[in-house]
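Hello,

Here is the structure I said I would pass on. My notes on its salt bridges and on one surface patch follow below it.

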Amino acid sequence: MHSLENQIVDSSFSAIINAPIDKIDIPTWCFNLPEKEYQGCSPAHIAAGFTTADDGTRMSINVETIGGSLMVQHYHETLGEKHHLILDSDSDVFTPNGRVTIHVTWELSVKKLDANRCEFTNRVQSYATDEMMAFLDRQGIPFELFRTQRQPMSIAHNKGETPLFAASIERAALKNSVTKAA
């Protein structure tokens, strides 16, 4: 479906979560993330919400600005394990020259480091859709130039939000362990 030829970015960053792995549930965190908590994970985050697709699949709707372009992401859960979540979205990107879609795969995972620490990894891959390729072509923008300009912004965004997502997941894990102990 997506090839390296039309890949815009493949960005992955990790951060430490100071909580036992058995307390972490990434899908529960993701699909219950309060909007203020989402906004606190990046100055580019505008809004977050949750719904289901027509087939009943859980969805996370995220609104953010990356590189000056407003994006509305319609993330469908494609893998939902306690320590590994993969979401796919044909995201709307609002540019000065019109609206276009970009395919984004967002992968969140955690692995145990020791009894009380885990490593969280936040990976984002984006791909130009056929619609986006035609959009760039109509404007005379070579894909390589677009990719070269977009990568630093996407990578910087991921790098900035990863430790804040890890801290949010840690808070959720520790809150859940306190709630269950009470």
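Salt bridges and a surface patch

Arg 58 and Glu 77 form a salt bridge, with the closest N and O atoms 2.8 Å apart. Arg 58 lies in strand 3 (residues 58-66) and Glu 77 in strand 4, so the pair ties together parts that are 19 residues apart in sequence. Please keep in mind that this is a predicted model.

Arg 58, at 33% relative accessibility, counts as partly exposed.

A search of the whole structure finds 8 salt bridges. Side chains of opposite charge can pair when their charged atoms come close. Besides the pair above, these are the ones I looked at.

Glu 37 forms a salt bridge with Arg 171, and their closest N and O atoms are 2.6 Å apart. This pair links distant parts of the chain: Glu 37 is in helix 2 (residues 35-39), Arg 171 is in helix 4 (residues 143-181), and 134 residues separate them. Glu 37 is partly exposed, with a relative accessible area of 24%. Arg 171 is also partly exposed, with a relative accessible area of 46%; a residue would need over 50% to count as exposed.

Arg 117 and Asp 114 meet through their side chains in a salt bridge, at 3.0 Å from N to O. Arg 117 counts as partly exposed because its relative accessibility is 33%. Asp 114 counts as partly exposed too, at 31% relative accessibility.

Three residues are joined in a network: Asp 10, Glu 107 and Arg 123 are linked by salt bridges.

Now the patch. Which residues make the nonpolar surface patch of about 220 Å²? They are Ile 46, Leu 70 and Phe 94. Leu 70 is found in strand 4 (residues 69-81), the strand that also holds Glu 77 of the pair with Arg 58. Is Leu 70 buried or partly exposed? Its relative accessibility is 32%, so Leu 70 counts as partly exposed. A patch residue has to have over 30% relative accessible area and no salt bridge, and the 32% of Leu 70 is the value to set against that cut-off.

If you open the model, the pair of Arg 58 and Glu 77 and the patch of Ile 46, Leu 70 and Phe 94 can be viewed with strand 4 as the guide, as Glu 77 and Leu 70 are both found there.

Regards

Technical notes:
Residues are numbered from 1 along each chain as its sequence is written. This is a predicted model: local features need pLDDT of at least 70, side-chain atom pairs count only at pLDDT 80 or more; totals for chains, interfaces and linings use all residues. Side-chain values use heavy atoms; hydrogens and water are left out. Patches are made of residues with over 30% relative accessible area and no salt bridge: like charges are joined within 9 Å, nonpolar side chains (Val, Leu, Ile, Met, Phe, Trp, Tyr) within 5 Å. Accessible areas come from the Shrake-Rupley method with a 1.4 Å probe; for residues, only the protein chains shown count as cover. A salt bridge is a side-chain nitrogen of Lys or Arg within 4 Å of a carboxyl oxygen of Asp or Glu. Helices (H or I, at least four residues) and strands (E, at least two) are DSSP runs, numbered from the N terminus. Buried means under 20% relative accessible area, exposed over 50%, partly exposed in between (1.4 Å probe, protein chains only).
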